[in-house]
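Subject: Handing over the structure

Hi there,

Here is the structure I promised to pass on to you. Please open it next to this email, and I will walk you through what turned up.

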Amino acid sequence: MTSKLPINLKDLLHQRKVEGERIEYKTGWNPDPIMRTLCAFANDFENLGGGYVVIGQDCDEMGMPVFPPKGLPDNQLDRIQRELLGFCNQIQPSYFPMLSVERFEDRNLIVLWAPGGQNRPYKVPRSVTAKKKDYRHYIRRYSSTVEARADDERELISLTARVPFDDRFNQTAGTNDLSLRLMEEFLREVGSDLADESRELSAEALGRQMNVVGGPAEAALPKNVGLLFFNDHPERFFPATQIDVVWFPEGAGGDRFDEKTFTGPLDRIARDALSHIQANYLKQTVVKHPDRAEADRFWNYPYAAIEEAVVNAVYHRSYDIREPIEVRITPEDLVVLSFPGPDRSIRMADLQKGKAVSRRYRNRRIGEFLKELDLTEGRSTGISKILKVMKGNHSPVPEFETDDDRTYFLIRLPVHPGTVSVESAHMGTTETSTVKTSVKTSVKTSVKTSVKTSVKILSLMRENPQVSIPEIAEAIGRTARAIEMQIAQLKAEGLIERIGPAKGGHWVVKEDA
């Protein structure tokens, strides 16, 4: 039952890579509250990825760990593991956390990793030590374990067998599609002790310890999240798993553009795309003034805001929708577009203020891996950080956009007005330099140059003014919804006009389009 953790123990205990609400500290072995918490993590009510129970670690009144930990006596370790195995058999349906006996600051700890289960809802007796078993459903409410009652219980039951896409088994792949090399690189980067054992394990065995493989031994299957992070070409399983970075030097309506497509494991394409943007499109302007020593310095687009926008798209997009993440850069703005939009529980007014908190997450495991790699800070922090960074750079307020059906999400970062105004007005002395990146990657990226989607749409409309949106989508190879978005943008820019109804009408393409 014991195994190594796929995360650095010190980072876990100090809450550096896992939010505090996903960790429960227990000074000693107290079966009843521990089993209720394991049940709550298994139910994963908000799709956060379950959590951890650390036995032998005490905490203060604020729930923060106290070091050195109290620890567990050597002669209790075997007994606790035996009893835990028996009590876990009382969880319905069957559920067993991953257990690791750890040594920290010369103390023994038992760490239970309880990822979100595949067969929720789970229930467990209020008291596993009592003779009479009174089963209840439990969920996490912030940093506490509570019984699911009334609406919460009904909602939990409605989640029966509804597993987030990234945590589902992939029936078209095998464990040999997981790269041992990529898994080992990940473990070493996050500082897991499991990295030292990884070369002696098969892809299936290592995948099980990392919870990216499941199922019976005779029919083991990888999970989608495993293929997204630990396969060199996840686009083979999830078409359009890529980031397209497109530069329009003449603006969105211009005919000239350069496009580069990044494919590969999710963490690598995020880093490669960001590295490419940083090296080629970010400029710092330095304005010197004759009446004071301090110069004004600002970026056309602050890197930290772009990083949050791109990683947010990687985290929250749906990988069963065949639409790439698009980063469109013009002299006026930088736009990050992903599909679909935010959860309906999020009010756009709250999102614009950076105060939105999702009721339930689309991808519970992708965020877990991105946080361990320091690519994201945690739940509901990305938008607020974008607002803060843009304000700190004295840039215009960013824009966040979706539609009523939440089919897409668009983040627009306007260019710093000084980037244009200073250079055109020649106020003071202006120095503009392109930032060079030192990020090294080993992922090969595929580069393609193609006709911009909107240009293709305009061409098709010129050739056949009666062309329908489904016909355009089929000709270009995009979804009808994506074409509708492009057409809406073309209308807003005054480049096209629709005359007549959907059936029997026609398109008019303006002369300057």
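Between which helix and which strand is H394 found in a loop? The loop that holds H394 runs between α13 and β16, where helices (H or I, at least four residues) and strands (E, at least two) are DSSP runs, numbered from the N terminus.

Before going further, please keep in mind that this is a predicted model: local features need pLDDT of at least 70, side-chain atom pairs count only at pLDDT 80 or more, and totals for chains, interfaces and linings use all residues. Residues are numbered from 1 along each chain as its sequence is written, and side-chain values use heavy atoms, with hydrogens and water left out.

**Backbone details**

Most residues other than glycine have a negative phi, and most peptide bonds are trans. H394 has a positive phi of about 60° although it is not a glycine, and this residue comes just after α13. At 63% relative accessibility, H394 counts as exposed; here exposed means over 50% relative accessible area, buried means under 20%, and partly exposed is in between (1.4 Å probe, protein chains only).

Y142 is another residue to look at: its phi is also positive, near 60°, and it is not a glycine. You will find Y142 in the loop between β6 (135–141) and β7 (144–147). With a relative accessible area of 65%, Y142 is exposed.

There are cis peptide bonds to look up as well. One joins F67 and P68, with omega at about -5°, and P68 lies in the loop between β2 and α3. The bond from F339 to P340 is cis too, with omega near -10°; P340 sits in the loop between β15 (333–338) and α11.

**Helix α13**

Helix α13 covers residues 382–392, and its buried residues are G382, I383, I386, L387, V389 and M390. Among the elements that cover them are α10 (303–316), α11 (348–352), β16 (399–401) and β17 (409–414), with contact meaning heavy atoms within 4.5 Å. G382 counts as buried because its relative accessibility is 14%. Between G382 and M62 there are 320 residues in sequence and 25 Å in space, C-alpha to C-alpha.

**A sheet of four strands**

In what order do the four strands of the open sheet stand? The order is β1-β2-β4-β3, and the pairing is mixed; two strands pair if DSSP finds at least two bridges between them. At the edges stand β1 (23–26) and β3 (98–104), each with a single partner strand, so one side of each has no neighbour in the sheet. On average, neighbouring strands here are turned by 20° against each other, direction ignored. For such angles, axes are lines fitted to C-alpha atoms, for helices over the stretch in contact, and angles run from 0 to 180 degrees between N-to-C directions.

β3 and β4 (residues 107–114) run antiparallel and are joined by seven bridges. In that pairing, S100 has V111 of β4 as its bridge partner. Helix α2 (residues 31–43) packs on the sheet and touches β1, β2 (51–55) and β4, with its direction at about 165° to that of β2. Helix α3 (residues 77–88) also packs on the sheet, touching β3 and β4, and its direction makes about 15° with that of β4.

**Strand β10**

Five of the six residues of β10 (residues 242–247) are buried. Antiparallel to β10 runs β11 (residues 258–263), joined to it by six bridges, and Q242 stands opposite T263 of β11. β14 (residues 325–329) runs parallel to β10, with five bridges between them; there I243 has I325 as its bridge partner.

**Cavities**

Rolling a probe the size of a water molecule over the atoms shows where empty space is left. The structure holds four cavities of 30 Å³ or more. A cavity is a set of points, on a 1 Å grid over the protein atoms alone, where a 1.4 Å probe fits but cannot get out; lining residues have an atom within 4 Å of a point. The largest cavity has about 130 Å³ of space, a volume being the space filled by probe spheres set on the points, with grid points joined across faces, edges and corners. Its lining includes E21, R22, F41, D44, R140 and Y142.

Happy browsing!

Note on methods
On a 1 Å grid over the protein atoms alone, a cavity is a set of points where a 1.4 Å probe fits but cannot get out, and a pocket is an open set with protein on both sides within 12 Å along at least five of seven lines; lining residues have an atom within 4 Å of a point.
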